[in-house]
Each structure stands twice: as structure tokens, then as C-alpha cells.
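Subject: Structure for you to look at

Hi,

Here is the structure I promised to pass on.

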Amino acid sequence: MKPRKNTKRVPSFRKLLRTSKIKLDNKLKNKQYKQQSAAKKYRKEQKKLREAVRDAISKKPFPLEECRKNQAEKREEEEDALPLDMMDEDDLKLMEDLALKASFLTRDLSSDEPVHIKKRKHESVIEKYEKMPRRMQTEPEKELIHLLPIKDKGGIIPQTVEKPVLSGAQSEEEDTEMEDADDFNEEPLPVLTPEEMAAQRRQKLQERKMHIAALASAILSDPDNNIKKLKELRAMLMEQDPNVAVIVRKLVMVSLMEIFKDIAPSYKIRPLTEAEKATKVKKETQKLREFEEGLVSQYKFYLENLEQTIKDWKQRKLKKSNVISLKAYKGLAEIAVKCLCELLVALPHFNFHNNIIVLIVPLMNDASKMISELCCEAVKKLFKQDKLGCASLGVVKVISGLVKGRNYDVRPEVLKVFLHLRIKEVELQKDSEDIAPKKKFMTYKEKRKNLSRMQRKWKKAEEKLERELLEAEASESKEKKLKLHTETLNIVFVTYFRILKKAQKSPLLPAVLEGLAKFAHLINVEFFDDLLIVLHSLIASGGLSYRESLHCILSAFHILSGQGDVLNIDPMKFYTHLYKTLFSLHAGGTNDDVGIVLQCLDVMFAKRRKQVSQQRALAFLKRLSTLALHVLPNSSVGILATNRILMQTFPRMDLLLDNESQGSGVYLPELDEPEHCNAQNTALWELHLLQRHYHPTVQKFAAHLIAGAPTEGSAALSLDLSQRPATEHFEAYSMRGMTFNPPVASVTPRRKDTFSQMDSFIDEELNSQLQQHHSGTVVQKLLDFAKHLKESSLL
């Protein structure tokens, strides 16, 4: 019979490679489960063995020698009690014969069983208990260690040694140590002093630093060939030594961040298609592809590590294999956020930038103030340096979704970053044809008439090249920029309008009003009427703070000063509200609201001079002059600069410099209607008080206004004061840093006169007496205290 052929084929190497990862994981799990089961079984056996040893120790068997000794003593007592001469000869002979047998000594004399009977299986428990020797309760328990027994002719003799008695806590510790003991004995670690532990930690830290520096320098010196060392450096993010784990991970995070900032190219790396992978390329191209692929993969893994660190800190989760405490995780998360912020600003063109935006924007609303400020500052930097607007659009989209998703319950700082958007105001609203440089090309007839054949050929090539340059550089980039900025502003306004409509009592309202004041001139004209109605209703509701109402006024006039010029709208309500609330300004330490008031006055009067009546301008001029007496010097300078513009812009403002009344009526300073307060019948007497102000610049402005604000002559202002706007004066003379502008001249102390002889201060008579005392020749004289009185009476 032929042997059966084995048809089972050995699996090939490719087939082994195709083995599923799940199967390999299952094999590994089964192996680990078997090891755990074997260890658990071994611990149970050890526990049972210890319990059996304790039971055997409690029974405490007696050695055979003691039993023989006790029996010999009993026999002697019996012999004493029964003398041999009183026994029969037959009985004596029987006793002697039995004594020759060894088994007689070991046998229980009270039993009638044969000598060599087998041990019963079901022996009575009570009989066994009765046969056990009694011990006194006062006798201390002694544990015995059972040694190997000895076998002789008489049987097996057990060997025991007494074990020293330990305390309960020590015995429990030993039991737990025995339960957790492994199959091998570990060498005990040497006990180190705190100084030795600190030195060992410093040494380990220095070694890790040198290793990080070596890897980083190798990558930066030749990134193309050493891109694989990025993986080795990134593996140090999982440092497991608990003594140096926190510091090493922080150093690796920052080092990788700086490396990626240096070696990342200035373009976005896209994945290769299947056709490109199949195409044969040069060695240099293949090397560049490998470098780009490795760079993108390591950058992705690095960002995932940073994200996981932040998530673990936010969720307060620690892995079992982690060696870092929960408290130290906060420091790691802060470093991770800093690295993400740096990459957000430094690499807006590189891969995964949108992923970084999605991570950073929610952290702008974080409970930690430091992390929130860090993320907000990073977004502001990104807005300021983003010229095209692509990255800004991505951030604005995520912020808008965050505000809507949180039901407008976010920090005001999240919306205030919109104020730093780099968007041109009016120029971006023009058509692309107006933006593109206009270039006139010659027609075909002009070419045929004026140019030769060769010149026409060159001219055609030049015109083609110029068209390509215009398309590539000017028109395309500006059109794209215009499109991105328009979309960005649309999202910003949608966010603002949602808050105005649904969350008017939200703390986000000041940020919304401030943003509207900056970008209101870019809103579509169709929304102007509705927006002005909303702003006025907000002011009339009385629920706004003073600063918020000023932002409403500023937003309304920005709308009307831009595209709103074509609208026939009278904003008298906003003028009245500002006039009524001017005296609400105070001379506080910050006094920042004055800056917004100066901006409002500039938009309301300087840019709308044709729509403002003379009576309204006179009322504001008088009230602003009164306000200049109440506020800080920088605010007074800004207000007087605004008064100067009013006097130069509107005619017949010098009426207030004369004491004579103009027309009928009496000035009503407490009336809140600027058109009906009869401001033409008063005078600017406040300027005479301001002329005696302690600040020299206030004195100059007051003297200039008293002279009628001339542009030439001796009473005219210098160029540095006359050409600056009022808001710049307010900032330039600010006392926020506890500084005085202009600085106060230091007073030089007088030189103290030096005198060589102190005797010049003493009277001659007293000086002669002192000299006599020093020389020792003192003449006793009677002192006559009435000498001067007698002389005066004689006269």
C-alpha cells in the first residue's frame, strides 16, 4: 500500500504577510491569558500549601523518643506498684516474651486490635481529637518549620525547628509578598540618599539633553538624509523614566516644533497619485518624494501626540502605563498648546493647518486664562500677517461655528479677534477691472501702418508675455483676495447679526458693537435702515453701558459716512444722545471712553460738516469746553483739539468769544436738546480757566482758542500740535504709565557752602569765654542779666 501523500502546502512568505493583524493580536492575547492563568493557579497552590502548613503546625506531633520515655516511666511505676515477687511465674514469663517484640512498645495497649492491622479509612473524629495532646492556654504558641524526615527501623521520624514568633503586621506583609512573588528572585535595589538621587537625575537629564541636541542638529544639517531620525526623536515623547519624563517630553515637544518650522517647505505637499507612483523618475526626484512623504507622516504623528496630550489633560485621564502624574499633565498640555500656536502662525501654508485651527479655536474659550490668552494672541498674529486671507477665512468659519454651537456663551475675547482682520475697506469693493492695471495695446491697423514685419512679430510676443504676467500676478491674486475677504466679512456680519437678533443681553454685545463700528462701511446698503433701527432701539432700551452706547453711535455714523451718504437719514437722535451723555465722562484713572467720544465727534462733525447746523455745533462747542475742566490733561488736550477743528470748520464760531448776546433767549446749560439750548447767548469763559492749567499743552491750546484759533501769526500752534488728530493727542499725553508729557524738568539742588571755621557763627563774647574754658583760665564774674534793660532805661 502506497503511503498517503501530504497535500498540505507550506504557506509562502507573501501569504504569511497577508495574515490579518486581528489574528496576530488574538494569538498574543491568548498567550497572555495562559500566562496569567498559570500565575494565578500557582498563587492558589502556594496559598493552599501555606494553609496546610499552618494546620500541621497547630496539631504539633510529639517525637517517638518522648513517647518511649513516657512509656518507660509508666512501666517503672507499675513495677513499683506490683513487685515481681507477687506475680506468678507464668505471667512473668509472658511479659518478658512480649517485651522482646518491638511492636509492643508502639502499640496501644487499651485496644484489642491485632498488631499489624491496617489503618481504618473512616476513623472517628472524636477519637482522633481525644488522642491529641492537651496544651495549656497560657502556653505560648510556637510555630514549627518542618524539615525532611528521617526513616529508621522503627518508622519515619519527623524533624522540626521552632520558628521565631513575628507580629501580625509583619506576618501579613510576608503573606502578601509570598502571594505576589514571582518565579525568580529580584536583586534588591540599592538605597540612595536624596543627594545621590538628585545627582543621578541630573546625569540622566543631561544625557537626554545631549541625545536630543545630537538628533536635532543632525536633522537640521541634512534633512533629506536624516529624516528617519525624526521618528527616533518623536519616540522620546513617550519617555518612561519617572524622574525625568516631564522635562524630557517638554524639551522634545519644543525641539520638534522648531525643527518642523525650519525644514518645512514653503508649499503644501500633496499625496502622489497611483499613476505618479508607477512612473519611473530620477534618483533626485525619488529622494525628494521620500523626504516629503516622511516629513508629512512624522508631522502628522507629532500633531496627533500634541492633540492627545491636550485631550488627556482636559478629560483628566491617565493611562495605566503612564509614569506622569495628573498634576504634571497641566504643564505638558500648556507646552503642547504653545507649540500648536507657534505652528499655526509659522506654517499657515503647510499641511494640516486646518486641523491646527480646529484644535486652537475651542481653546480660545478655555477656562484657563493663560491658555485662552495664548490662543487669542496666536489668532491675532495670524490675522495681521495673512495677506491673502485664506487662513483668516478658515479661522473665522470655525469661530462662527463655535459661537453658534455654544449658544453665544463664549468669552468676549473670542469675538474681539475679528478686529484684527487685515481687510482693506473701500478698495476691495471695486471691480476687478478697475483694480487691474490698464494697458492699451495697438490695433492691427496701427501695427500694419507703423511697424515693420519683424517689429510686429516682436510686439506680438511682448503683448502675449505682458498679458500672461498680468493674469498670473495682478488680476488673479487680487480677484482671489477680493473673493476671500468678501466671504470672510459675510461670515463676520452673519455672526454679529445673529447676536444682535437673538442675544442682545449677552456679554458679547460690546465686542459686536465695536466690530460693527470698524466694518460697518462694508455692509450692503440694503441693510442700513434695519441696522440703524436696531442700534437706536438698543440705545433707547437703557440696558447698555456707557461704552456700549458710544459704540452704537460710532457704528451708526460709520454707516452713514461711507456708502450711507446717498441715504436721506437724519441721525438727530444719535446727536442728542451723545450731547446728553457727555457729562457722564469722569476723570478716572483710565478714562478710555474719551477716546471713543473723540472718534464719534470726528465722524459726526468733521466728516458731515454739510449736514450739521450752526446751532448744533455751538452747543457741542460750549459743552465740550465745560467738559475739558473735569477730565485728565490728555483728555483736555483731545477735547480742545476737537474744539479747534469745530471753530475752523464752522463759520461764526467766534460768537462765543464775545460777551454780547446774539438773538433772543437765555442759554440753558441743563437742557438736553442741542438745537434749542440757545448756545449763541453764552461765552467760552472756561478757556480763561484752562489758560491757568498746570499742564503746558493745555495752556497753549486755551490761549490759541481765545485768539480765535488762527492758522498763522504769533497765536498759531506749532506744526506738531496743529497737524495731529485729537485721538493722537489723547494717546500721546496719556498718563497710563505714570509719566508726564512733557517731562518735568528736574530741579538741581544748590551747592552747600563750606566754612573752614565754625567760630564765625559764634558771638565774640561767647567765643572768648569758650576759649578761656579751653585754656583753663576761667575768671569768675557775676552775670548781670539786666544789663541791657538798664542801658535802655538810661537812654
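Helices here are DSSP runs of H or I with at least four residues, numbered from the N terminus.

Before going on, a word on how to read this: it is a predicted model, where local features need pLDDT of at least 70 and side-chain atom pairs count only at pLDDT 80 or more, while totals for chains, interfaces and linings use all residues. Residues are numbered from 1 along each chain as its sequence is written, and side-chain values use heavy atoms, with hydrogens and water left out.

Back to V637. With a relative accessible area of 0%, V637 is buried (buried is under 20%, exposed is over 50%, and partly exposed is in between, using a 1.4 Å probe and protein chains only). Leaving aside neighbours within four places in sequence, V637 is in contact with T697, V698, F701, H729 and Y733 (contact means heavy atoms within 4.5 Å). The C-alpha atoms of V637 and T727 are 9.6 Å apart, although 90 residues separate the two along the chain.

Next, helix packing. Two packed helices are described by the angle between their axes and the distance between the axes. The axes are lines fitted to C-alpha atoms, for helices over the stretch in contact, and angles run from 0 to 180 degrees between N-to-C directions.

Take α21 (residues 528-541) and α23 (residues 572-581): their axes come within 11 Å and cross at roughly 30°. That is why the two count as roughly parallel (under 35 degrees; over 145 is roughly antiparallel, 65 to 115 roughly perpendicular, and the rest oblique). The crossing of α21 and α23 is left-handed, meaning the near helix is turned anticlockwise from the far one by less than a right angle. On the α21 side, L532, H536 and I539 meet K573, F574 and H577 of α23. Those contact residues divide into three nonpolar, two polar and one charged (Ala, Val, Leu, Ile, Met, Phe, Trp, Tyr, Cys and Pro count as nonpolar, Asp, Glu, Lys and Arg as charged, and the others, Gly among them, as polar).

α23 also packs against α24 (residues 593-606), at an angle of about 140° and with the axes 12 Å apart. That makes α23 oblique to α24, and this crossing is left-handed. Here F574, Y575 and L578 in α23 meet C600, L601, M604 and F605 in α24. The residues of this contact are seven nonpolar, no polar and no charged.

Finally, salt bridges: a side-chain nitrogen of Lys or Arg within 4 Å of a carboxyl oxygen of Asp or Glu. By this rule the count is 13.

One of them joins E686 and K622, at 2.8 Å from N to O. E686 lies in helix α27 (residues 686-690) and K622 in helix α25 (residues 614-627), so the pair ties together parts 64 residues apart in sequence. E686 is buried at 1% relative accessible area, and K622 is buried at 2%.

E276 and R270 also form a salt bridge, with the closest N and O atoms 2.8 Å apart. E276 is partly exposed at 23%, whereas R270 is exposed at 51%.

There is also a network of salt bridges linking K204, R208, E239 and D241.

Cheers
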